[in-house]
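Trainee: I would like to learn how to read a few features of a structure. Please take me through them one at a time.

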Amino acid sequence: MMRELRSLNAVQRNTFFACFLGWTLDAFDYFLLTLCLTAIARDFHTSIETVAEATFWTLAMRPAGAFLFGLMAERYGRRPTLMLNIVSFSTFGLASAFAPTIGSFMVLRALFGLAMGGEWGVGAALAFETLPAEGRGFFSGLLQEGYVVGSFLAAALYWLLFPHLHGTGMLSAWRVMFMIGSLPALLALYLRFKVEESPVWLAARAKGQSLRASLRWSELVRYLPAFLFLIALMTAFNSFSHGTQDMYPTFLQHDHHIVPAHVGLLVMIGNLGALAGGICWGWASERMGRKGAIIAAALLALPMVPLWAWSHSVVLLGVGGFLMQFMVQGAWGIVPAHLNELSPGPVRAIFPGLTYQLGNLIASRNNVFQVMLANRFSGGMLKMVMSVTVLVVALAVAGITALGREAAGVEFSGEP
């Protein structure tokens, strides 16, 4: 692993660091919402199920953001588009803190989703078009775990700060958390002065290639089978991650009666497992291939279900959370490289991000369905519903991955 890190030059290190931070801070803001669902519902005098709709609107708008910012990245470059992404989602995150009603809060989270939707695809394209092909699996695992680091930071902030906030009105605890979540806007300055444009995009522009020329209808038809396959794969993947993460803090509080401080700690432990899993499985994909590593990680999540959902002590829940996320995010750690390697060169800023976010859209009501099913069949208890979710989606991830092709180590260029 150290060999891959030492192989980077200064430009590659700065680019990777910026893209990693962009995804980290994006996830940080998103997971603040999942941690504060109960507090927001109480403040707006509504149900947790109603507030959970905000996560749906965030996820639902992400495909539009992936397409819009992907088009901009193909036409104007990866770096300036990523800067606009970061400023946009930080601005809407801050505005959410001042939402006067649940309706306005929903609108602002939808706009946040629009900006969030573009960040992953544009950032991944900039990173992988700058990094060397050797060690791409390792860097994929590390880059994707920016999402986990963002969740970890949100959980740490919730654990350390939230119990000590006692303000009311516009200074209520959850609003202060969202105000802090606006700080990622500062990353745009780093991008402006330390990061260079993608060499692949610059080479394509120098050859006179353009977005308009590369997106002929005949080309789109040729790409359609791969596009539909990746949507199905990303639907399974997003159900895997959101099915084990979004309702997990609420599950710990509701089913196991764990206090908020310990909830934050358990989420942090799970995120440590996710971080380790993403790096380890990403590195393993260089040896096992992308498909083999994804299938192995997904199937190994199944034996973790009893410990993860059905334990009766905080310690065992922590162990189960660590192991579950080691497998879930281990599989996810391979996704950035795998998606970019399967994507045609002329649409690499659009294809991975759009298929990823469309999969997110299809899976976006996962947490709402989990609550509805728990209320209908389990008296509101989430453990059975979450356990079945892991069983179904882990098998779906493994099965759909097995149907695809292997493209580990393919050279990137501006050509199809």
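Trainee: At what angle do helix α4 and helix α20 pack, and how far apart are their axes?

Mentor: Two packed helices are described by the angle between their axes and the distance between the axes. Here helix α4 (residues 48-76) and helix α20 (residues 351-362) pack at about 165°, with axes 7 Å apart. Axes are lines fitted to C-alpha atoms, for helices over the stretch in contact, and angles run from 0 to 180 degrees between N-to-C directions. Helices are DSSP runs (H or I, at least four residues), numbered from the N terminus. This is a predicted model: local features need pLDDT of at least 70, side-chain atom pairs count only at pLDDT 80 or more, and totals for chains, interfaces and linings use all residues. Residues are numbered from 1 along each chain as its sequence is written, and side-chain values use heavy atoms, leaving out hydrogens and water.

Trainee: Are α4 and α20 roughly parallel or roughly antiparallel?

Mentor: Angles under 35 degrees count as roughly parallel, over 145 as roughly antiparallel, 65 to 115 as roughly perpendicular and the rest as oblique. α4 and α20 are therefore roughly antiparallel to each other.

Trainee: Which residues of α4 and α20 meet?

Mentor: Contact means heavy atoms within 4.5 Å. On the α4 side the residues include Leu 59, Pro 63 and Phe 67, and on the α20 side they include Leu 354, Tyr 356 and Leu 361. The residues of this contact divide into nine nonpolar, three polar and one charged. Ala, Val, Leu, Ile, Met, Phe, Trp, Tyr, Cys and Pro count as nonpolar, Asp, Glu, Lys and Arg as charged, and the others, Gly among them, as polar.

Trainee: Is His 338 buried or exposed?

Mentor: Buried means under 20% relative accessible area, exposed over 50%, and partly exposed in between (1.4 Å probe, protein chains only). His 338, found in helix α19 (residues 335-342), has a relative accessible area of 4%, so His 338 is buried. Leaving aside residues up to four places away in sequence, His 338 touches Leu 233, Arg 290, Lys 291, Ile 294 and Arg 405.

Key: Helix = DSSP H or I, 4+ residues; strand = E, 2+ residues; numbered from the N terminus.
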